[in-house]
Amino acid sequence: MGQRILIADDQKGIRRLLEELFKREGWEVILAADGREAVAKTAEFKPDIVLMDMKMPNMNGIEAVKRILTDYGDINIIMMTAYGEMEVAKEALKAGVKECITKPFDIFELVEMVNDLVNKDCHQKIV
Ligand SMILES: [Mg+2]
């Protein structure tokens, strides 16, 4: 179906891992290395879903999420937080993030979370 996912993380290793994982799942993958880039590439590529790291240089994940949701309120965003960032996770959910996942996460759990969100969208459109 050619679904598009944007992966924003300042760690190259994580970007690579997730890029490979989602490409294998048939996704078109767009990468961003910081919050500012994530905002710009969301506007440019209109992804179906965004995986957003919390701690990034230039602009952190929460700020990037708020900007993205101002312009694209219905976009699916999953926030990736570190262990112990419960307050941040709460703030992210309040801002309109659909799910939060704590690093280090199980990649299969992440894939399932992404598929669930996207399938829920399809279901709502049909109903
Ligand atoms: Mg980070």
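Which residue in strand 3 is the bridge partner of Ala8? In the model, the partner of Ala8 in strand 3 is Met52. The model is a predicted one, in which local features require pLDDT of at least 70 and side-chain atom pairs count only at pLDDT 80 or more, whereas totals for chains, interfaces and linings use all residues. Residues are numbered from 1 along each chain as its sequence is written.

The sheet is open and consists of five strands in the order 2-1-3-4-5, with parallel pairing. Strands and helices are DSSP runs (E, at least two residues, for strands; H or I, at least four, for helices), numbered from the N terminus, and two strands pair if DSSP finds at least two bridges between them. From one strand to the next, the twist averages 20°. Strand 1 (residues 4–8) runs parallel to strand 3 (residues 49–53) and is joined to it by four bridges. Strand 3 is in turn joined to strand 4 by five bridges, also in parallel, and Val50 stands opposite Ile77 of strand 4.

Helices pack on this sheet. Helix 2 (residues 35–45) touches strand 1, strand 2 and strand 3, and its direction makes about 170° with that of strand 1. Helix 4 lies across strand 4 (76–82) and strand 5, at about 170° to strand 4. Axes are lines fitted to C-alpha atoms, for helices over the stretch in contact, and angles run from 0 to 180 degrees between N-to-C directions. Helix 3 (residues 61–71) packs against helix 4 (residues 86–95) at an angle of about 5°, the axes being 10 Å apart. Helix 3 is therefore roughly parallel to helix 4, a description applied to angles under 35 degrees. In this contact, Ile62, Val65, Lys66 and Leu69 of helix 3 meet Val88, Glu91, Ala92 and Ala95 of helix 4. The residues of the contact divide into six nonpolar, no polar and two charged; Ala, Val, Leu, Ile, Met, Phe, Trp, Tyr, Cys and Pro count as nonpolar, Asp, Glu, Lys and Arg as charged, and the others, Gly among them, as polar.

Beyond four places in sequence, Ala8 touches residues including Ala32, Ala38, Val50 and Ala64, contact requiring C-beta atoms, placed from the backbone, within 7 Å. Met79 lies in strand 4, six of whose seven residues are buried. Met79 itself is buried, with 26 other C-beta atoms within 10 Å; the cut-offs are 20 or more for buried, 12 or fewer for exposed, and partly exposed in between. Met79 and Met52 are 27 residues apart in sequence, yet their C-alpha atoms are 4.8 Å apart.

Several backbone features occur in loops. Lys103 and Pro104 are joined by a cis peptide bond with omega of about -5°, and Pro104 lies in the loop between strand 5 and helix 5 (107–126). Lys46, in the loop between helix 2 and strand 3, has a positive phi near 45° and is exposed, with 12 other C-beta atoms within 10 Å. Asn58, in the loop between strand 3 and helix 3, has a positive phi of about 70° and counts as partly exposed, with 13 C-beta neighbours inside 10 Å.

Note on methods: Two residues are in contact if their C-beta atoms, placed from the backbone, lie within 7 Å. Angles under 35 degrees count as roughly parallel, over 145 as roughly antiparallel, 65 to 115 as roughly perpendicular and the rest as oblique.
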